[in-house]
Amino acid sequence: MNSPNASGWKPEMTRAEGSAPATVTGNRALMLEEPLLFEIGQAGVTGVDLPPVDAAAACRLGAMKRAGIIDLPGLSEPETVRHYTRLSRQNYGIDMGLFPLGSCTMKHNPRLNEKVARMAGFADLHPLQPQDTVRGALEVINQLAFWLLELTGMHGVAMTPKAGAHGELCGILCIRAALEARGDAREVVLVPESAHGTNPATAAFAGYRVENIPANSAGRVDLAALKARLGPDVAAVMITNPNTCGLFERDMMAISDAVHAAGAFVYCDGANFNAIVGKVRPGDLGVDAMHINLHKTFSTPHGGGGPGSGPVVLSEALSPFGPLPFTARDRDGVVHLVEEESADEFGHTQAFGRMAAFHGQMGMFTRALAYILSHGADGLKQVAEDAVLNANYVLRSLEDVLDAPFAASGPCMHEALLGDAGFGGGLSTLDLAKSLIDEGYHPMTMYFPLVVHGAMLIEPTETESKAGLDQFIVAMRGLAARAKAGDESMKHAPYHAPRRRLDETLAARKPVLCWEPGRSDL
Amino acid sequence: MPRYFTDEHEWIEVDGDTATVGITDYAQSQLGDIVFVELPASGTMVAKGKDAAVVESVKAASDVYAPITGEVTEGNGALEDDPALVNTSPEDGGWFFRMTVADRSELEGLMDTAGYKAFVANL
Amino acid sequence: MRYLPLTDTDRRAMLAKVGAASIDDLFFDVPEAARLAGPIEGLPLHAGEMAVERHMAKLAAKNLSAGSAPFFLGAGAYRHHIPASVDHLIQRGEFLTAYTPYQPEIAQGTLQMLFEFQTQVARLYGCAVANASMYDGSTACWEAVAMVGRITRRKRVVLSGALHPHYAAVVRTMAKFTDDRIADALPALQGEPDNDGLIARIDDDTSCVVVQYPDVLGRIPDLAEIAEAAHAKGALLIAVNTEPVALGAIRSPGDLGADIVVGEGQALGVGLQFGGPYLGLFAVRDAKHVRQMPGRLCGETVDAEGKRGFVLTLSTREQHIRREKATSNICTNAGLCALAFTIHLTLLGGTGMARLAAENHRLACFAADRLAKVPGVSLLNASFFNEFTLKLGTDAREVVRKLADRDVLAGVSLGRLFPGAQSLADGLLVAVTETTSEEDIETFASALEEVLV
């Protein structure tokens with residue numbers, strides 16, 4: 001044998017022992033620390049090839065001409081790709097696993113939708129092109145509007161609102177316009193105490209005074225209390241159905257009847273429409289206005305906090321007051337954009353105004369339409385059924401180990417509501433949620449709705465498999481047992497995330513909202 | 001000097017024609033870390049039981065009500081820089097504002113120290 | 001159905017676990033009269049990926065896309081070249097499919113990006129603090145007006161006549177419900193913005209003056225003069241910018257004394273998309289106004305081990321905590337568009353912004369001179385950046401239609417923007433960016449000449 005191991009590389013498997021030593025860089029293999037852009041970027045660097053500025057070139061900027069350049073660092077393309085790729089890896093997304101945020105409907109985002117939204121015939125259109133050059137785009141808006149009306153059994157739809165809360169505002173403004181048109185000045189909007197915060201904020205923004213209506217012991221609107229409060233000063237009642245406890249408002253039709261009898265309108269927060277899409281039509285429940293979050297029920301991506309899209313479907317009584325612009329098909333089947341100047345021609349003379357520049361979230365419309373066409377009427381019904389089945393499966397698999405305040409009252413809809421009663425050692429929902437992060441899951445919605453102590457609102461959605469749910473249930477049962485036993489270590493979770501618990505008190509007491517040079521750290 | 005308490009967890013200490021107002025130790029313990037206090041400007045008229053100040057934690061904002069009617073004469077400027085005083089010294093250095101006493105009879109319905117202690121024990 | 005993982009076997013086993021005989025048992029609470037027996041009648045059933053793609057492609061093909069014709073539209077939405085890496089990065093699932101960063105330990109990517117975005121916007125606008133985005137420029141504009149109402153406790157809003165008419169319409173719409181009084185006017189078709197006329201409308205009840213910069217006709221107003229006049233009356237100046245690329249060449253509104261600067265960020269990274277989703281930018285010059293700001297704010301902090309990290313902060317301003325006393329009802333904003341914007345701006349840097357702005361201005365000057373040579377056409381603007389107004393001496397709307405028939409997307413007629421305003425009917429607003437070629441400009445000029453004959 002000559003020179004048995006010239007390279008010196010001697011394969012030998014050893015057993016792992018001891019804890020990992022700290023690294024020089026602070027990185028942990030695939031988990032890379034990433035400095036701020038302002039710490040790595042340099043003035044003078046740019047990742048876009050453009051001709052240098054010619055100081056002698058003609059200038060028609062006038063007196064406002066800038067003297068120097070804006071103090072913004074630049075990165076080359078490879079540095080840019082790395083910066084954002086590294087940042088992305090510190091995020092959790094639906095693509096990685098279950099994202100059971102109650103009332104947020106974090107379902108799979110089909111990639112076909114991304115592909116169609118990027119077709120040049122949609123993505124590369126200017127909103128003010130002559131209508132004859134954008135008939136296909138107007139057709140998309142109109143087709144989506146048609147489906148939304150069919151799915152909700154309503155009379156009209158305003159497509160321009162840019163997110164759910166914007167849609168709420170649109171609906172409430174329609175109500176206000178309708179009341180004003182009949183000379184009926186009303187001042188109060190009633191909101192259940194379990195409502196999303198956007199409801200009271202919206203009503204206040206539209207100039208109304210907000211009053212709460214209580215819930216009953218079954219987690220639903222107290223019909224008697226509501227009826228007692230209705231009167232000539234009430235403009236509208238804002239109801240979420242299915243509600244924020246994940247329950248269907250059994251008395252919805254009686255509520256609508258009572259509200260209408262009192263001369264008021266029913267606004268329905270459609271955030272939870274995923275539970276009933278294709279199964280129940282809000283129009284059949286007496287609803288006058290409801291926004292639809294295309295970024296929930298119709299799968300357009302949440303994108304780390306938007307963009308959303310919040311079309312509002314309207315009853316016959318409210319439709320005449322819907323905002324401009326909107327699309328309408330003429331007798332020849334051609335779809336038109338109806339704006340301020342053509343409103344009369346299309347018989348829409350009472351619009352309350354305009355919600356935003358241009359015509360709505362087109363990029364979301366193409367995605368939502370692709371989603372709807374993919375499912376069809378049968379698939380959408382199946383969406384609601386599977387979403388509700390998944391939530392009930394989670395509820396019944398956890399109710400013996402976690403407080404489930406409304407489980408006894410019957411099935412839930414698309415989300416399961418649990419509480420932290422029975423946790424030991426001063427532990428609460430936050431500790432369980434942070435421990436869930438270590439198990440590889442995004443936590444559920446926590447401490448909402450307020451009607452349950454330490455609320456945990458779990459919405460699995462229909463795009464989770466049974467095997468995936470079974471794994472989640474095992475994780476939850478394990479954490480429930482530790483929480484009940486008062487496992488102190490849960491107070492310091494998460495241990496394995498890119499960051500440990502963050503000091504939100506410090507952030508709020510001494511706000512640092514903008515990077516400044518020289519202030520290297522807190 | 002006599003100190004009184006409301007069932008909304010404000011305290012008020014009366015010294016002649018003026019009074020000092022704050023929130024109780026129980027209230028601060030329920031709120032958690034205080035991050036911001038919004039105080040009424042001097043000269044503001046406040047009415048018994050109506051909004052007078054706002055106290056914020058990271059996850060909640062609570063209205064603080066005026067225990068009695070009167071005019072605000074001074075806010076506690078120290079809270080601007082150090083809202084944590086409300087946590088560390090709620091019934092002393094963490095006071096909110098000083099005010100005139102418009103009507104002494106409004107003090108009659110309030111609790112004394114023992115009464116408030118019993119009230120909190122039952123919550 | 002390809003998006004639904006449950007099998008019929010799964011469903012049976014799960015129904016057994018929940019103790020239901022059928023799925024309809026779970027919809028027991030729905031009033032019987034409202035329960036649908038089967039799929040809604042008369043609607044198509046599910047379709048495969050290929051069929052849906054074909055349907056959508058057919059609709060897309062009915063449109064004349066901006067890239068397939070000489071293209072000159074602006075008026076609040078601008079076509080710029082977006083580097084390929086922008087769209088690649090925003091499609092990473094960890095960004096695309098994340099929610100609002102409510103669990104900061106596993107959302108540092110979104111949060112750090114937002115902190116960087118806020119800093120970039122603040123510097124671009126010459127402001128102290130920017131928020132984490134609004135829906136779009138027009139809604140940001142209204143939110144600024146509402147915010148100033150809270151600060152000044154005044155109710156009279158002065159709008160510059162040269163504010164984008166859609167923005168003005170949004171403000172007017174909302175003001176009907178908040179009892180704000182709006183003082184507005186049509187723009188005068190003249191070379192310089194009418195600063196004197198605007199300043200004359202500011203009185204002691206005025207809460208704010210809203211001025212677009214560059215304005216809707218492409219002119220560049222002297223903001224410092226307006227700021228001084230507004231402040232003298234105790235009013236605040238809201239500057240509105242719809243073309244952020246312009247700020248690579250002209251001074252930042254905050255540096256000129258604007259108190260709140262809002263705008264549309266679409267031009268960087270986002271794309272035209274037929275009008276949405278876009279990106280609302282919102283910043284204040286003085287940090288003392290932060291607690292009156294609408295929308296989310298991301299702030300720096302440390303974690304339990306002392307490492308730097310980021311969280312959403314000052315949330316007590318927002319609807320989910322403050323409910324009816326919130327500074328706005330906004331919840332979901334424009335996160336992914338903010339990401340596209342910040343990536344594009346990171347690639348550009350200050351140097352790239354200056355170069356991009358210079359290239360836009362160079363081509364715009366070339367186009368303005370060439371088009372003004374067309375018989376009957378004159379250039380209105382004394383100053384402009386990459387957009388200017390031509391007077392055609394005839395109804396510009398009709399001209400735009402005729403040019404569209406020749407596959408030239410010629411700009412936005414003032415008749416489209418200000419319907420019914422006869423004094424503006426012969427105005428054509430023309431935008432030129434780095435995506436416009438000199439050949440496109442020549443094609444436009446010759447076609448215009450033919451149409452005007």
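Domain bounds here come from an automatic or database domain assignment. I kept that in mind while going through this model, which is predicted.

**Entry 1: domains of chain A**

I looked up how chain A is divided. The assignment gives domain 1 as 113-369 and domain 2 as 377-497. Their C-alpha centres lie 30 Å apart. For the contact between the two, I noted 19 residues from domain 1 of chain A and 21 residues from domain 2 of chain A. I then sorted the domain 1 side by class and got ten nonpolar, seven polar and two charged residues.

**Entry 2: a helix pair in chain A**

Next I went to helix 10 (residues 362-398) and helix 12 (residues 466-484) of chain A, whose axes come within 10 Å and cross at roughly 30 degrees. Angles under 35 degrees count as roughly parallel, so helix 10 of chain A is roughly parallel to helix 12 of chain A. I put the crossing of helix 10 and helix 12 of chain A down as right-handed.

Which residues make the contact between helix 10 and helix 12 of chain A? From helix 10 I listed N390(A), Y393(A), V394(A), S397(A) and L398(A). Helix 12 brings L469(A), I473(A), M476(A) and R477(A). By class I have six nonpolar, two polar and one charged in this helix contact.

**Entry 3: chain C against chain A**

I turned to the contact between chains C and A. On the chain C side there are 172 residues, touching 180 residues of chain A. Which helix gives the most to the side of chain C that touches chain A? I found helix 11 (residues 335-372) of chain C, with 22 residues.

**Entry 4: chain B against chain A**

I have an open sheet of six strands in the order 1-2-3-9-8-5, with antiparallel pairing. Which strands are at the edges? Strand 1 (3-5) and strand 5 (45-46) of chain B are, each pairing on one side only.

I also checked one pair of strands inside chain B. Strand 2 (residues 10-15) and strand 3 (residues 18-23) run antiparallel and are joined by six bridges. I followed one residue across: I12(B) has V21(B) in strand 3 of chain B as its bridge partner.

Methods: Residues numbered from 1 in each chain as written. Chains lettered and ligands numbered in written order. Predicted model: local features only at pLDDT ≥ 70, side-chain atom pairs only at ≥ 80, totals over all residues. Pairing = 2+ DSSP bridges. Helix = DSSP H or I, 4+ residues; strand = E, 2+ residues; numbered from the N terminus. Contact = placed C-beta atoms within 7 Å. Nonpolar A, V, L, I, M, F, W, Y, C, P; charged D, E, K, R; others polar. Axes fitted to C-alpha atoms, helices over the stretch in contact; angles between N-to-C directions. Parallel < 35°, antiparallel > 145°, perpendicular 65-115°, else oblique. Left-handed = near helix turned anticlockwise from the far one by under 90°.
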